[in-house]
Each structure stands twice: as structure tokens, then as C-alpha cells.
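I opened this notebook to record what I looked up in one structure. The entries follow the order in which I made the searches.

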Amino acid sequence: MSSWKKAAKSNQKVHRERAQPAARQHLGLLEKKKDYKARANDQHQKDATLKSLRRRALNKNPDEFYHHMINSRIEKGEHHELEKQEDEFTADQLKLMKTQDLKYVTMKRTVESNKIQRLQSQLHMMDVVNGMPNKHVFFVEDEEEAANFDLAKRLDTHPSLIDRRTNRPRMSDLADRLDLHTVDPKEIERLNQERDLSYRELKRRIEREKELAVVQKTLEIKRALKEKRLTQPKRIRRGTANRAPLYKFAYERKR
């Protein structure tokens, strides 16, 4: 029985939509059903948009104010948007955005972050906090004691270690570890210079990482703006060297 069904199916005629008659070839291709459906759906969408706009026009309050009134002008019967303020990036940031892509910027930012973490693990970050001076207050009995006040003696540490916020050992600990008479002042000065250079390098890398973060965020926003959307996003604020531009995207329901 099944063999008869297969034979019957193989002998069935394939029904196709007819082509354009020869007498009407000059009119172009004959519209098929799928073409009609596409044209009908497009027309229905346009009708719905016009209906919505008419409803908005009828329900509009003439005394209502919205910011687009002052952000646009009509010149010679044509509607024109006001010129938007351009983003203010540094020359290095602009060059990076024009010559490199998002993957490269992300990689460079990751490298800088790793170097910053490595430097921070080697340095005491409490020694330098935005250049703020120490605010430790000592109380004395009279003006004579204040005039003869010895900060190193009061803290029980070496005079060269007074400026430190952390890792400031006492004299007893220093005596156990090394001989103070054998310490070369030039060696101490050299170590302090190396520490200052390390902090300067750390500061430069932190600033570089912030610039790369702004560039990375800006490139991500530009990629999102290239996607096809029913409504264009609205820019809330322009971008600067310290922050990326901010856009407001309308919610779109995903089918």
C-alpha cells in the first residue's frame, strides 16, 4: 500500500504561479503573492504611523513645552536641527580612535591595568595620597616645649623616615636590623629617588588607563549606534577627555 502512495506522490503535478504573459512582458515581472504581502505590510505600517501622528496632533496641548522646540529651527520652510556640540577629546585619544579598533584598545587597557596592579603591590600607596600633607597633631604643655619639640624623638624613629606614612620603624627595630652609623646618606637619597620615580610611573599609568577606558567606552557606543533601530538614540551629554559621551536608547521589544 505504501508503494502505491509513493508512486502517486511522484506522479503529482507541481503547481507553480504563472509567469507574466508574453503580451505584458513590457510591464515587467508579474507580482507574486510574496511580493504583494511585502508591499501590503509596508503600506499597513505607513498607515499606522500616519494614524498615530494624527492622534498625537489632535491630542497635543498648544501650551506644552518640550526641549526640541529650542533645539530646532525652520528656515525657508525646511526643518533643520541645531548643530550639536562636538566631543572634546585629546589629540592622542582622537588618533587612537581613528587608527585602532576596539580589540586593540581593550588589550592595551588590560596591559596597563596589570602593570598598575604590579606597581601597587610593590609600593605603599598610603605614602602618597594626592599630595596631602600629614595632619598628626601633638599637644605640648607650653611654648618653650613647642620651640624645642623634636618630632623624630617623639616618634622614636630616624629623622629621614619622618615623611613616611607607613613602614616607619622605631629606633629599637632599626638598631636590631642594621647599624645606623654605617648607613650612607647618599644611599638613602638614592632609594628615595627610586621610590619617587616609581610613584611617578604609577601616576602616569593610572592616567593612561583612564584615557584608554574613555576611548574603549566611546568605541563601544559608536558600535552600538551603527546597529539598525526603529528610533535613533538621543545624546544626553557630549564626550570629553575624562568621560565618554552619554546616549539614551529607547526600549525596543525583541520579537
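The entries below go from the whole chain to single residues and pairs.

**Entry 1. Basis.** I worked from a predicted model, in which local features need pLDDT of at least 70 and side-chain atom pairs count only at pLDDT 80 or more, while totals for chains, interfaces and linings use all residues. Residues are numbered from 1 along each chain as its sequence is written, and side-chain values use heavy atoms, with hydrogens and water left out.

**Entry 2. Whole chain.** I first listed the secondary structure, taking helices (H or I, at least four residues) and strands (E, at least two) as DSSP runs numbered from the N terminus. The protein chain has eight helices and four strands. Read from the N terminus, their order is α-α-β-β-α-α-α-α-α-α-β-β.

I then looked up burial, where buried means under 20% relative accessible area, exposed over 50% and partly exposed in between (1.4 Å probe, protein chains only). Of the 255 residues in the protein chain, 16% count as buried. Accessible areas come from the Shrake-Rupley method with a 1.4 Å probe, and for residues only the protein chains shown count as cover. The protein chain exposes about 22600 Å², of which carbon and sulfur atoms supply 51%.

For contacts (heavy atoms within 4.5 Å), I noted the separation in sequence. Among those between residues at least 6 apart in the protein chain, 55% join residues at least 24 apart.

**Entry 3. Nonpolar cores.** I searched for nonpolar cores, meaning sets of buried Ala, Val, Leu, Ile, Met, Phe, Trp, Tyr and Cys residues joined through side-chain atoms within 4.5 Å. The largest has nine residues: Phe89, Leu96, Met97, Leu102, Val105, Leu212, Val214, Val215 and Leu219. At least two residues of this core come from each of α3 (91-99), α4 (102-122) and α8 (185-225). Helix α8 gives the most, with four residues.

I also looked up the partners of Leu219. Residues up to four places away in sequence aside, Leu219 touches Met97, Asp101, Leu102 and Val105. A second, separate core has five residues, among them Ile116, Leu119, Tyr199 and Leu202.

**Entry 4. Salt bridges.** I counted a salt bridge where a side-chain nitrogen of Lys or Arg lies within 4 Å of a carboxyl oxygen of Asp or Glu. The search of the whole structure gave nine.

In one of them, Glu209 pairs with Arg109, with the closest N and O atoms 2.9 Å apart. This pair links distant parts of the chain, as Glu209 is in helix α8 and Arg109 in helix α4, 100 residues apart. Glu209 is buried at 16% relative accessible area, whereas Arg109 is partly exposed at 28%.

Arg205 forms a salt bridge with Glu112, the closest N and O atoms being 3.2 Å apart. Arg205 lies in helix α8 and Glu112 in helix α4, so this pair ties together parts 93 residues apart in sequence. Glu112 is buried, with a relative accessible area of 11%.

Arg205 also pairs with Glu201, at 3.3 Å between the closest N and O atoms. Glu201 and Arg205 are four residues apart in helix α8 and therefore separated by about one helical turn. Glu201 is partly exposed at 28% relative accessible area. I recorded Glu112, Glu201 and Arg205 as linked in a network of salt bridges.

**Entry 5. Around strand β1.** Asn71 lies in the loop between α2 and β1 and is partly exposed, at 38% relative accessible area. The C-alpha atoms of Asn71 and Glu81 are separated by 6.5 Å, although the two are ten residues apart along the chain. Neighbours within four places in sequence aside, Asn71 is in contact with Glu81 and Leu82.

Ser72 is in strand β1 and is buried, at 11% relative accessible area. With residues up to four places away in sequence not counted, Ser72 touches His79, His80, Glu81 and Leu82.
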